[in-house]
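Visitor: Could you walk me through what is shown here, with care over the terms?

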Amino acid sequence: MSSLVKEDLEKKLFTPLSQNLYEFIEIEFSVQDRYYLCVSVTKNEEVKIIMVKHYRIGLDEKYEVTKKWSLNDLQMIDGKEADTDNPFFDLHFKKVYRLEAYSCASKYSFARTVNKLNHAYLKKDLQIVNFDSTYINDDSIWSSNNKDCLVLMRICFYAFNLVCLSLCPLPL
(Lines give C-alpha, C1' and ligand atoms only; values in the text may rest on other atoms or scores of the structure.)
Protein backbone atom coordinates (compact mmCIF):
# COMPACT_ATOMS: atom_id res chain seq x y z
CA MET A 1 0.00 0.00 0.00
CA SER A 2 2.69 2.50 0.95
CA SER A 3 4.56 1.90 -2.31
CA LEU A 4 1.38 2.80 -4.20
CA VAL A 5 0.99 5.99 -2.15
CA LYS A 6 4.66 6.86 -2.74
CA GLU A 7 4.27 6.29 -6.47
CA ASP A 8 1.13 8.44 -6.53
CA LEU A 9 2.82 11.21 -4.51
CA GLU A 10 5.79 11.20 -6.87
CA LYS A 11 3.60 11.30 -9.96
CA LYS A 12 1.09 13.91 -8.86
CA LEU A 13 3.13 16.17 -6.58
CA PHE A 14 6.91 15.75 -6.55
CA THR A 15 7.74 15.15 -10.24
CA PRO A 16 5.85 18.31 -11.32
CA LEU A 17 7.86 20.20 -8.65
CA SER A 18 11.10 18.68 -10.07
CA GLN A 19 11.87 16.90 -6.81
CA ASN A 20 12.83 13.34 -5.92
CA LEU A 21 10.85 11.88 -3.03
CA TYR A 22 13.14 9.94 -0.68
CA GLU A 23 10.88 9.13 2.24
CA PHE A 24 7.40 9.79 3.52
CA ILE A 25 5.63 8.85 6.70
CA GLU A 26 2.02 9.18 7.71
CA ILE A 27 1.47 11.53 10.63
CA GLU A 28 -1.49 12.05 12.92
CA PHE A 29 -2.38 15.69 12.33
CA SER A 30 -6.11 15.83 11.82
CA VAL A 31 -8.98 13.44 12.49
CA GLN A 32 -10.70 14.00 9.14
CA ASP A 33 -7.76 14.15 6.74
CA ARG A 34 -4.63 12.10 6.15
CA TYR A 35 -1.26 13.86 6.32
CA TYR A 36 2.22 12.81 5.22
CA LEU A 37 5.61 14.17 6.19
CA CYS A 38 7.87 13.90 3.15
CA VAL A 39 11.59 14.33 2.56
CA SER A 40 12.65 15.24 -0.96
CA VAL A 41 15.62 16.63 -2.87
CA THR A 42 15.30 19.32 -5.54
CA LYS A 43 17.27 19.50 -8.80
CA ASN A 44 19.49 22.06 -7.06
CA GLU A 45 20.26 19.40 -4.43
CA GLU A 46 18.34 21.23 -1.71
CA VAL A 47 16.71 18.92 0.82
CA LYS A 48 13.09 19.79 1.64
CA ILE A 49 10.78 18.59 4.38
CA ILE A 50 7.18 18.90 3.22
CA MET A 51 3.87 18.30 4.99
CA VAL A 52 1.26 17.07 2.53
CA LYS A 53 -2.49 16.82 3.02
CA HIS A 54 -4.14 13.86 1.25
CA TYR A 55 -7.82 13.95 0.41
CA ARG A 56 -10.28 12.60 -2.12
CA ILE A 57 -12.64 14.31 -4.49
CA GLY A 58 -14.90 11.61 -5.84
CA LEU A 59 -12.60 8.82 -6.97
CA ASP A 60 -9.61 11.10 -7.54
CA GLU A 61 -6.76 11.30 -5.00
CA LYS A 62 -5.52 14.85 -4.33
CA TYR A 63 -2.40 16.10 -2.54
CA GLU A 64 -1.82 19.58 -1.21
CA VAL A 65 1.38 21.00 0.28
CA THR A 66 0.45 22.53 3.64
CA LYS A 67 3.93 23.32 5.02
CA LYS A 68 7.38 23.35 3.48
CA TRP A 69 10.77 23.71 5.16
CA SER A 70 14.38 23.49 4.09
CA LEU A 71 16.61 20.97 5.86
CA ASN A 72 19.07 23.83 6.24
CA ASP A 73 16.59 25.52 8.62
CA LEU A 74 16.08 22.39 10.75
CA GLN A 75 17.96 22.75 14.03
CA MET A 76 16.97 19.57 15.84
CA ILE A 77 14.79 16.45 15.75
CA ASP A 78 13.69 15.48 19.24
CA GLY A 79 12.39 11.92 19.53
CA LYS A 80 10.98 12.66 22.99
CA GLU A 81 12.03 9.41 24.72
CA ALA A 82 14.67 7.07 23.35
CA ASP A 83 13.89 4.22 25.73
CA THR A 84 10.15 3.97 25.10
CA ASP A 85 8.21 2.96 22.02
CA ASN A 86 6.32 6.13 21.18
CA PRO A 87 5.53 7.86 17.88
CA PHE A 88 5.90 11.45 19.15
CA PHE A 89 8.67 13.75 17.97
CA ASP A 90 9.42 17.45 17.56
CA LEU A 91 10.93 19.26 14.60
CA HIS A 92 12.77 22.39 15.72
CA PHE A 93 12.86 25.13 13.11
CA LYS A 94 12.34 28.76 14.16
CA LYS A 95 9.17 27.30 15.63
CA VAL A 96 8.79 23.86 17.26
CA TYR A 97 6.37 21.52 15.50
CA ARG A 98 5.05 18.70 17.69
CA LEU A 99 4.17 15.71 15.54
CA GLU A 100 2.90 12.19 15.97
CA ALA A 101 4.02 9.57 13.46
CA TYR A 102 1.81 6.64 12.59
CA SER A 103 4.27 4.37 14.40
CA CYS A 104 7.58 4.46 16.24
CA ALA A 105 9.20 2.64 13.30
CA SER A 106 8.11 5.34 10.87
CA LYS A 107 9.46 8.03 13.24
CA TYR A 108 12.87 6.29 13.14
CA SER A 109 12.64 5.85 9.37
CA PHE A 110 12.07 9.59 8.97
CA ALA A 111 14.98 10.47 11.29
CA ARG A 112 17.30 8.02 9.46
CA THR A 113 16.45 9.54 6.09
CA VAL A 114 16.91 13.12 7.29
CA ASN A 115 20.24 12.17 8.89
CA LYS A 116 21.41 10.38 5.74
CA LEU A 117 20.44 13.27 3.44
CA ASN A 118 22.04 15.75 5.83
CA HIS A 119 25.34 13.85 5.59
CA ALA A 120 25.05 13.56 1.80
CA TYR A 121 24.07 17.14 0.94
CA LEU A 122 24.59 19.57 3.84
CA LYS A 123 27.04 18.01 6.27
CA LYS A 124 25.80 20.36 8.98
CA ASP A 125 25.70 19.63 12.69
CA LEU A 126 22.08 18.48 12.93
CA GLN A 127 21.03 17.45 16.42
CA ILE A 128 19.02 14.25 16.58
CA VAL A 129 18.23 13.72 20.25
CA ASN A 130 16.22 11.19 22.24
CA PHE A 131 16.57 8.49 19.59
CA ASP A 132 18.45 5.22 19.96
CA SER A 133 21.57 6.08 17.91
CA THR A 134 22.05 2.41 17.01
CA TYR A 135 19.10 2.69 14.65
CA ILE A 136 19.84 6.20 13.34
CA ASN A 137 23.50 6.34 12.33
CA ASP A 138 24.84 4.79 9.14
CA ASP A 139 28.09 3.78 10.84
CA SER A 140 26.20 1.36 13.06
CA ILE A 141 26.43 -2.33 12.20
CA TRP A 142 22.62 -2.46 12.37
CA SER A 143 21.92 0.19 9.77
CA SER A 144 21.20 -0.55 6.13
CA ASN A 145 19.47 0.72 3.07
CA ASN A 146 17.00 -2.14 3.52
CA LYS A 147 15.92 -0.59 6.79
CA ASP A 148 14.77 -2.90 9.55
CA CYS A 149 14.61 -6.14 7.53
CA LEU A 150 18.40 -6.43 7.56
CA VAL A 151 18.43 -6.01 11.34
CA LEU A 152 16.19 -9.04 11.73
CA MET A 153 18.24 -11.00 9.22
CA ARG A 154 21.49 -10.28 11.09
CA ILE A 155 19.99 -11.26 14.45
CA CYS A 156 18.78 -14.55 12.95
CA PHE A 157 22.20 -15.16 11.38
CA TYR A 158 24.02 -14.64 14.71
CA ALA A 159 21.50 -16.84 16.54
CA PHE A 160 21.94 -19.58 13.93
CA ASN A 161 25.74 -19.38 14.30
CA LEU A 162 25.46 -19.68 18.07
CA VAL A 163 23.26 -22.77 17.78
CA CYS A 164 25.67 -24.37 15.29
CA LEU A 165 28.68 -23.63 17.48
CA SER A 166 26.97 -25.01 20.56
CA LEU A 167 26.22 -28.30 18.75
CA CYS A 168 29.79 -28.79 17.52
CA PRO A 169 31.85 -31.24 19.59
CA LEU A 170 35.06 -29.86 21.07
CA PRO A 171 38.28 -31.61 19.96
CA LEU A 172 40.18 -33.34 22.77
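Guide: Let us begin with charge: Lys and Arg count as positive and Asp and Glu as negative, while His and the chain ends are not counted, and the place of a charge is taken as NZ of Lys, CZ of Arg, CG of Asp or CD of Glu. This is a predicted model, in which local features need pLDDT of at least 70 and side-chain atom pairs count only at pLDDT 80 or more, whereas totals for chains, interfaces and linings use all residues. Residues are numbered from 1 along each chain as its sequence is written, and side-chain values use heavy atoms, with hydrogens and water left out.

Visitor: How far apart do the centres of the positive and negative side chains lie?
Guide: The protein chain carries 22 positive and 24 negative side chains. Between the centres of these two sets the distance is 5 Å.

Visitor: In β6, which residue is the bridge partner of Ile77?
Guide: Strand β5 (residues 76-78) pairs with strand β6 (residues 88-92) in the antiparallel sense, over 3 bridges. Within β6, the bridge partner of Ile77 is Leu91.

Visitor: What share of the residues of the protein chain count as buried?
Guide: Buried means under 20% relative accessible area, with a 1.4 Å probe and protein chains only. Of the 172 residues in the protein chain, the buried share is 39%.

Note on methods
Buried means under 20% relative accessible area, exposed over 50%, partly exposed in between (1.4 Å probe, protein chains only). Two strands pair if DSSP finds at least two bridges between them. Helices (H or I, at least four residues) and strands (E, at least two) are DSSP runs, numbered from the N terminus.
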